Structures are given as structure tokens and as C-alpha cells.
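Dear colleague,

I am handing over the structure below, and my notes on it follow directly after.

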Amino acid sequence: MTGHEWHDSMVGALLAIAVFAVMLCCAGMVAMRRSLDRLHYVSAALILGPLPLAAAVLVEEGLSSSGVNTILTVSLMILTGPFVTHATAKALHRARAGSGPTEQAR
């Protein structure tokens, strides 16, 4: 296997891992009945999908501007994902408890 073939195989494998991880999270989300259980699978997809995808871009592009943009974007997703998940879960709890933002302020 030449260097170019190895390179293409690595990119293809990383992309396949990313797609498989997101599809697995989607299947888990569909299988769950409760909203909070579904939220766990969505939050897993925020990390398990972009990491191999970013690795594939870095293998293909290196540390060019595309590679650096990918690193920054995936880092932002990984850093903000837990906050978005927490805010969504909190909103679900409030909606179920019947206390909207106006009632809580009183």
C-alpha cells in the first residue's frame, strides 16, 4: 500500500467511524421513550461524531487554515455542548413542573 492509498484509507475510515457513531446515537435516541434519555444520546453525538470527522479533516488538510478552523469548531462544540444539554434538561424539568420563566421570577 502506497502512502497515498494509506492516506485515503485513513480518511475514509475516520469518516466511516464518524457516520457510524452518529447513526448509533440516532438509533439510541429513537429507541428511548423519555425526553431526558433521548437527550443523553444527542449529547453523545455532539462529541462522538465531530472528533473523528475533525481527525479526517486534519489528516487530509494538515494544519492549514481549514485544519485550524476545524480544530476551533470542534473545540467549541465540545466545550459548549454540555452547557446546551444542561440548559435543555433544565427547560424540560421546568416545563414538566409547570413553572415557566415568569412564574419562577416571582
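Contact here means that heavy atoms lie within 4.5 Å. On that basis, residues 24 or more positions apart account for 61% of the contacts in the chain that have a separation of 6 or more. Please keep in mind that this is a predicted model.

As to the overall form, the chain holds 5 helices and 0 strands, which follow one another along the sequence as α-α-α-α-α. The radius of gyration of the chain is 19 Å, whereas a compact globule of 106 residues would have one near 13 Å. Taken along the principal axes, the C-alpha atoms fill a box of roughly 65 × 30 × 10 Å, and 19% of the 106 residues count as buried.

On the α3 side the contact is made by Pro50, Leu51, Ala54, Val57, Leu58 and Glu61, and on the α4 side by Ser66, Gly67, Thr70, Ile71, Val74, Met77 and Ile78. The residues of this contact divide into 9 nonpolar, 3 polar and 1 charged.

Finally, the count of salt bridges comes to 1, in which the side chains of Asp37 and Arg34 meet at 4.0 Å, N to O. Asp37 is partly exposed, with a relative accessible area of 25%, and Arg34, at 45% relative accessibility, also counts as partly exposed.

Conventions:
Residues are numbered from 1 along each chain as its sequence is written. This is a predicted model: local features need pLDDT of at least 70, side-chain atom pairs count only at pLDDT 80 or more; totals for chains, interfaces and linings use all residues. Side-chain values use heavy atoms; hydrogens and water are left out. Helices (H or I, at least four residues) and strands (E, at least two) are DSSP runs, numbered from the N terminus. Ala, Val, Leu, Ile, Met, Phe, Trp, Tyr, Cys and Pro count as nonpolar, Asp, Glu, Lys and Arg as charged, and the others, Gly among them, as polar. Buried means under 20% relative accessible area, exposed over 50%, partly exposed in between (1.4 Å probe, protein chains only). The radius of gyration is taken over C-alpha atoms; the globule rule is 2.2 Å times the number of residues to the power 0.38.
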